[in-house]
Amino acid sequence: MRGLGLLGVFLWGLGLAQAPILYLPLDDRPPNWAPCTWGLVACPPQEAYRASLGADLPPLRAWLLSTPGKTLVASLDALAYGGLLQSRHLALPAEDALARLGPLLSWKVRHGGEVFLFGVVPRWDASQRQRNLAVLRALAPWPGLPGVYLEAVWDDALRHSPAPQEAKTLPYPSRPGADEAGQVLLLRALRPGLRVAVVYEEEALAGRTTPYEGVPLRDTVVGVLQSALAQGVSLEEGPDLVLYVHGGQNPRRVVQDLLRLMPRFPVALADLSRVNRGDPGLMAYLLGLGLYPRLASYASWGTPANNLGSALAQGGLFLGDGEGRLRRLAEAYFAYWWGEVGRPWVRAHFPEPLPLEAQGVAALWPYPELEGYRVELRSIRFPWGRAFEAEAQLDLVLPSWAGRGGLVE
């Protein structure tokens, strides 16, 4: 920086402080793309992702190399294969996949920011398991580079899946999960050291091997906290956030726990009662007692690791941001409603790929209220052409009698 002078040094430092955090998602399914809508990060143009066709890699690489930032959170599978689904079956030699990852290090050299990366150990039915593992093993030197963090997450480990054991052979951190990994690494990048107390609905839940994980739940929880660089503390130590883990046993007991915890701490609620669906009994209590709008976050949309990671990440990222917290709760409620009502209705009425008429499911939306705001479902789309996921546009609207109508901006 010789010759900059004091003003130049100041402006250079100011530019670094204002440099964006770049986020390159695994794909454009809602859990992965959602952070691009939160106002926290800079993302590639959405047209670079093409739903089930996978990412269009040349514009994705061009965006990455031309966009400076102080931090990059990126999916390896997006750049190497085009996304999670493509990574399972795309016929591509390991050498070519590794070459496609070169722009990540080029970005590091060119812009100098920190890099947080995650790759996926494939699930049991992937035809390219060995190729993907070879790529992940070849990346062993990367975590030794200054300012580079790398981890692996294993995807959908049903009973007897080899993924947990394969992941343990990698010389860097690994844990269950996949679609929440980008959110969790954003928490690591934006709010490292978050002090988190974990409370289980019942202590026996911690030792249970949950669906799609292949390890005891406590190991999944520890792995998610480590991914986020969060610090596990006790309730007595005054955590920044409580991560409450509901296993589906007793919704009434959960409510009693929440009534005890919520006056003292922000509480992120991970509902692990069912895979890809929440507990309707618990949700009825939360809405009926007015507890849902007071949560720091809620997640029930995916596997246990998905829900733990999403609840933790969103609870931590939006601490102190009242509007952001309510918007994330609105999105989380839509995901709950989609699993409980929307997806079953669409599957019962339409074949896939879904026709435009499937958007009529929006007529079933219940218009919940969050702290006086009515949650409006403005539109619903199915960019992947299937009922498993839906892309919703939601708005928080004050009723006209409240004195000022319109959207929360």
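In the predicted model, V242 stands opposite V267, a residue of strand 9. Strand 8, which spans residues 241-246, and strand 9, which spans residues 267-271, are paired in the parallel sense, and five bridges join them. Both strands belong to an open sheet of five strands, arranged in the order 7-6-8-9-10 with parallel pairing. At the edges of this sheet are strand 7 (231-232) and strand 10 (297-299), each of which pairs on one side only. Helix 14, formed by residues 304-317, lies across strand 6 (195-200), strand 8, strand 9 and strand 10, and its direction makes an angle of about 155 degrees with that of strand 8.

With regard to the interior, nonpolar side chains in soluble globular proteins tend to be buried together. The largest nonpolar core of this model comprises 59 residues, and those with the most contacts inside it are L24, L64, L101, L104, L117 and V121. Another core, which lies apart from the largest one, has 46 residues, including L235, V254, A330 and Y333. Within the surroundings of L101, when residues up to four places away in sequence are not counted, the residues touched are L76, L79, A80, V135, L139 and W142.

A further residue considered here is V397, which is found in strand 13, a strand made up of residues 391-398. V397 counts as buried because its relative accessibility is 13%, and the cut-off for this class is under 20%. Along the chain, V397 and E236 are 161 residues apart, and in the predicted model their C-alpha atoms are separated by 38 Å.

Terms used
Residues are numbered from 1 along each chain as its sequence is written. This is a predicted model: local features need pLDDT of at least 70, side-chain atom pairs count only at pLDDT 80 or more; totals for chains, interfaces and linings use all residues. Side-chain values use heavy atoms; hydrogens and water are left out. A nonpolar core is a set of buried Ala, Val, Leu, Ile, Met, Phe, Trp, Tyr and Cys residues joined through side-chain atoms within 4.5 Å. Buried means under 20% relative accessible area, exposed over 50%, partly exposed in between (1.4 Å probe, protein chains only). Contact means heavy atoms within 4.5 Å. Helices (H or I, at least four residues) and strands (E, at least two) are DSSP runs, numbered from the N terminus. Two strands pair if DSSP finds at least two bridges between them. Axes are lines fitted to C-alpha atoms, for helices over the stretch in contact, and angles run from 0 to 180 degrees between N-to-C directions.
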